[in-house]
Amino acid sequence: MMVRLDLITIVVDDYDDAIAFFTGALGFDLVEDSPSLTNDGRPKRWVVVRPPGAETGVLLARADGPRQAAVVGNQAAGRVGFFLRVEDFDAAHARMTAAGVEFVSPPRTEPYGRLAVFLDLAGNRWDLLGPA
């Protein structure tokens, strides 16, 4: 029986700003942007982005209410909570830097590969990972 992780959710302030960051700065594909409804019938959008060639996507969910707004930018309590693996670390790092992505650590080599920590548009920490 095959099992796979299909989506993870990142809570954002604004759909369009998040789409622009993930597709522009990170180079993700916009897979879906469809109208939807909250459980109580209010309008929302179902927005999914995904790295090119990946199966797992990111659901960009606009914060609904103060409890959800409180986690925007702090979904992993200040830790790195998301990991973006690339084949060509130096090219990806250069492209992302040129696109204005904020790196909070310089590139370094660890036993599991090259890495640098960056922030998404809300301030969540990500590892950019590449081969050693």
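Contact here means heavy atoms within 4.5 Å. By that rule, and leaving aside neighbours within four places in sequence, Asn124 is in contact with Ile10, Gly73, Asn74, Gln75, Phe82, Phe118 and Leu119.

## Basis of the model

This is a predicted model, in which local features need pLDDT of at least 70, side-chain atom pairs count only at pLDDT 80 or more, and totals for chains, interfaces and linings use all residues. Residues are numbered from 1 along each chain as its sequence is written, and side-chain values use heavy atoms, with hydrogens and water left out.

## Overall layout

The protein has three helices and nine strands. Helices (H or I, at least four residues) and strands (E, at least two) are DSSP runs, numbered from the N terminus. Read from the N terminus, the order is β-α-β-β-β-α-β-α-β-β-β-β. The radius of gyration is 15 Å, close to the 14 Å from the globule rule for 132 residues, so the protein is as compact as a globular protein of that length. That radius is taken over C-alpha atoms, and the rule is 2.2 Å times the number of residues to the power 0.38. Along its principal axes, the C-alpha trace spans about 50 × 35 × 30 Å.

Contacts between residues 24 or more positions apart account for 53% of those with a separation of 6 or more. The accessible surface comes to about 7,800 Å². Carbon and sulfur atoms hold 52% of it. Areas come from the Shrake-Rupley method with a 1.4 Å probe; for residues, only the protein chains shown count as cover. Of the 132 residues, 35% are buried. Buried means under 20% relative accessible area, exposed over 50%, and partly exposed in between (1.4 Å probe, protein chains only).

## Domain record

UniProt, in an unreviewed entry, places the feature "domain: VOC" at residues 4–131. UniProt positions are given in the numbering used here, feature names are shortened, and annotations may be inferred rather than shown by experiment. In the model, this span is 20% helix and 41% strand. Its end C-alpha atoms lie 23 Å apart.

## The nonpolar core

In soluble globular proteins, nonpolar side chains tend to be buried together. A nonpolar core is a set of buried Ala, Val, Leu, Ile, Met, Phe, Trp, Tyr and Cys residues joined through side-chain atoms within 4.5 Å. The largest one here has 26 residues. Phe22, Leu60, Phe118 and Leu128 have the most contacts inside it. Elements giving two or more residues are β1 (7–12), α1 (15–25), β3 (43–50), β4 (57–62), β5 (80–85), α3 (89–98), β8 (113–119) and β9 (125–130). The largest share, six residues, comes from α1.

Leu60 shows the packing. Beyond its neighbours within four places in sequence, Leu60 is in contact with Ile10, Val12, Tyr15, Ala18, Ile19, Phe22, Val47 and Val49.

At the start of α1, a side-chain oxygen of Asp14 reaches to within 3.0 Å of the backbone nitrogen of Asp16. Tyr15, Ala18, Ile19, Phe21, Phe22 and Ala25 are buried in this helix. Gly27 follows α1, with a positive phi near 80 degrees. Ala25 has 7% relative accessibility, so it counts as buried. Outside four places in sequence, Ala25 is in contact with Ala20, Arg95, Met96, Ala99 and Val101. Ala25 and Met96 are 71 residues apart in sequence, yet 5.8 Å apart in space, C-alpha to C-alpha.

His93 sits in α3. Its relative accessibility is 18%, so His93 counts as buried. Leaving aside neighbours within four places, His93 is in contact with Phe103, Pro107, Ala116 and Leu128.

Leu119 lies in β8. It counts as buried because its relative accessibility is 16%. Not counting residues up to four places away in sequence, Leu119 touches Phe21, Val101, Glu102, Val104, Asn124 and Arg125.

Asn124 is in the loop between β8 and β9. Its relative accessible area is 2%, so Asn124 is buried. A polar atom of its side chain lies 3.2 Å from the backbone nitrogen of Asn74. A polar side-chain atom of Asn124 also lies 3.0 Å from the backbone nitrogen of Gln75.

Terms used: Polar contact = N/O pair within 3.5 Å; in protein donor to acceptor, adjacent residues only side chain to side chain.
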